[in-house]
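Have a look at the model first.

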Amino acid sequence: MRTKYLKPKAERAASSARGVHHQALISSNVERTISFYQDLLEFPLTELFENRDYKGSTHFFFDIGNGNALAFFDFPGLGLGEYAEVLGGHHHLAISVSPDSWARLKGRLEDAGVDTFLVGETSLYFAGPDGERLELINDPLGEMYGNAVL
């Protein structure tokens with residue numbers, strides 16, 4: 001696969017994308033989600049308004065650094081089920097934080113009773129309030145486990 005698809009960096013075309021505008025997930029409880037992401041993980045809430053596609057639904061955003069946003073919807077009254085992993089579905093969202101922030105947030109998650117799973121010394125996996133899979137990684141953006149990925 002590498003030989004067939006991976007071009008040397010000097011031969012790669014520039015991306016047509018400017019970056020991730022937002023990743024949207026679904027929340028069962030807006031206040032609990034805000035508390036988890038803003039108060040526990042220290043991702044500031046930046047906006048909150050009614051979803052244009054579903055009356056009574058809230059669309060809200062958190063700053064996850066570098067001009068990127070994590071967004072949520074709630075869909076009251078739809079009776080949505082719990083997270084299920086499916087092909088093409090969301091597996092996890094990895095968010096880069098500094099090593100100091102990583103250590104502090106790891107302690108905050110543990111103190112809050114959030115189950116965590118450590119891989120190596122860089123990746124901390126855990127679930128958000130609705131079971132969404134998350135990773136805090138202390139590698140810089142564009143790098144993973146010492147390898148350049150961008």
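A salt bridge here is a side-chain nitrogen of Lys or Arg within 4 Å of a carboxyl oxygen of Asp or Glu. This is a predicted model, so local features need pLDDT of at least 70 and side-chain atom pairs count only at pLDDT 80 or more, while totals for chains, interfaces and linings use all residues. Residues are numbered from 1 along each chain as its sequence is written, and side-chain values use heavy atoms, with hydrogens and water left out.

Q: What makes Glu-42 and Arg-104 a salt bridge?
A: Their side chains meet at 2.7 Å, N to O, and the cut-off is 4 Å, so the pair qualifies. Glu-42 sits in the loop between helix 2 and strand 2 (45-50) and Arg-104 in helix 3 (residues 99-111), so the pair ties together parts 62 residues apart in sequence. Helices (H or I, at least four residues) and strands (E, at least two) are DSSP runs, numbered from the N terminus. There's a network of salt bridges here too, linking Glu-42, Arg-104 and Arg-108.

Q: Why is Arg-104 called partly exposed?
A: Its relative accessible area is 39%.

Q: Are Arg-52 and Asp-53 buried or exposed?
A: Exposed: Arg-52 has a relative accessible area of 78%, and Asp-53 has 60%. The two form a salt bridge with each other, the closest N and O atoms being 3.6 Å apart.

Q: How many salt bridges are there in the whole structure?
A: The search finds six.

Q: Is Thr-122 buried or exposed?
A: Buried, because its relative accessible area is 15%. Thr-122 is in the loop between strand 6 (116-119) and strand 7 (123-127).

Q: What does Thr-122 touch?
A: Leaving out residues up to four places away in sequence, Thr-122 touches Trp-102, Leu-136, Ile-137, Asn-138, Asp-139 and Tyr-145. A contact means heavy atoms within 4.5 Å.

Methods. Buried means under 20% relative accessible area, exposed over 50%, partly exposed in between (1.4 Å probe, protein chains only).
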